[in-house]
Amino acid sequence: MTETVNYAYFIYKTCPVDYDVLEWRNQMKILVSACLLGFPCRYDGKRCPSEAVIRLAEQHILIPVCPEQSGGLPTPRIPSEIREDRVINREGKDVTGAFRTGALIALETAKLNRIDTAVLKSKSPSCGCGMIYDGSFRGILTEGDGVCASLLKQNGISVYDESQTERLYHAGEK
Ligand code: SF4
């Protein structure tokens, strides 16, 4: 089992950023699914880095979060999917509470860092944006957002699916 790390708090504590300097450099702070940066926090403990998202770090400051780890779930963990308003793992256990806790921590991290933009992992029951698995564990996608993506959107944060990353390459330029 890998250690659970709250990446965003770590970065917030160790890398305070002067917002005037950010504006001067045309940089943004962007909340990012930690797995897209190569952290081995996926349900199966494997890495799934996205070159497009990592490239964003050349221009912007990326703040990684993993809502499922922050919510207290182990890595590796049993995969989960959303059924109506609950999150159920493949063994039938209701893990909604952990998902909601992790989403709240991601939202608090965004607020602490004055972040209004996020790039999240597609199809995930936490991070998915627009399309997620339908709760049948048969690989079927349906329209919807993961728990964290939904909470961020409700709080005014612009959430991008990882496939939309290129839209942010030049964001912040005047
Ligand atoms: S998709 Fe979200 S919850 Fe799942 S491993 Fe990546 S950062 Fe964590």
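The legends below describe several close-up views of one predicted protein model.

Residues are numbered from 1 along each chain, in the order in which its sequence is written. Because the model is predicted, local features need pLDDT of at least 70 and side-chain atom pairs count only at pLDDT 80 or more, whereas totals for chains, interfaces and linings use all residues.

**View 1. The whole protein and its order of elements.** The secondary structure comes to 6 helices and 8 strands, where helices (H or I, at least four residues) and strands (E, at least two) are DSSP runs numbered from the N terminus. Read from the N terminus on, the elements follow the order α-α-β-α-β-α-β-β-α-β-β-β-α-β. Of the 174 residues in the protein, 40% are buried; a residue is buried if 20 or more other C-beta atoms lie within 10 Å of its own, exposed if 12 or fewer, and partly exposed in between, with C-beta atoms placed from the backbone. Among the contacts with a separation of 6 or more, 67% join residues 24 or more positions apart, and two residues are in contact if their C-beta atoms, placed from the backbone, lie within 7 Å.

**View 2. The crossing of helices H5 and H6.** Two packed helices are described by the angle between their axes and the distance between the axes. The axes of H5 (residues 96-112) and H6 (residues 147-154) come within 9 Å and cross at roughly 40 degrees; such axes are lines fitted to C-alpha atoms, for helices over the stretch in contact, and angles run from 0 to 180 degrees between N-to-C directions. H5 is therefore oblique to H6, since angles under 35 degrees count as roughly parallel, over 145 as roughly antiparallel, 65 to 115 as roughly perpendicular and the rest as oblique. On the side of H5 the contact is made by Phe 99, Arg 100, Gly 102, Ala 103, Ala 106, Leu 107 and Ala 110, and on the side of H6 by Val 147, Cys 148, Leu 151 and Leu 152. These contact residues divide into 9 nonpolar, 1 polar and 1 charged, where Ala, Val, Leu, Ile, Met, Phe, Trp, Tyr, Cys and Pro count as nonpolar, Asp, Glu, Lys and Arg as charged, and the others, Gly among them, as polar.

**View 3. Val 147 in helix H6.** Val 147 lies in helix H6 and counts as buried because 29 C-beta neighbours lie inside 10 Å. Leaving aside its neighbours within four places in sequence, Val 147 is in contact with Val 87, Phe 99, Arg 100, Ala 103, Pro 125 and Ser 126. Glu 68 is 79 residues away from Val 147 in sequence, and their C-alpha atoms are 10.0 Å apart in space.

**View 4. The surroundings of the ligand.** The ligand is surrounded by Ser 33, Ala 34, Cys 35, Cys 41, Arg 42, Cys 66, Pro 67, Glu 68, Lys 121, Ser 124, Ser 126 and Cys 127, a residue being near a molecule if its C-beta atom, placed from the backbone, lies within 6 Å of it. By class, this shell has 6 nonpolar, 3 polar and 3 charged residues.

**View 5. Backbone details in two loops.** The peptide bond from Thr 75 to Pro 76 is cis, with omega near -5 degrees, and Pro 76 lies in the loop between helix H4 (67-70) and strand E3 (80-83). Lys 123, although not a glycine, has a positive phi of about 70 degrees, and its place is in the loop between strand E5 (117-120) and strand E6 (129-133). Lys 123 is partly exposed, with 17 other C-beta atoms within 10 Å.
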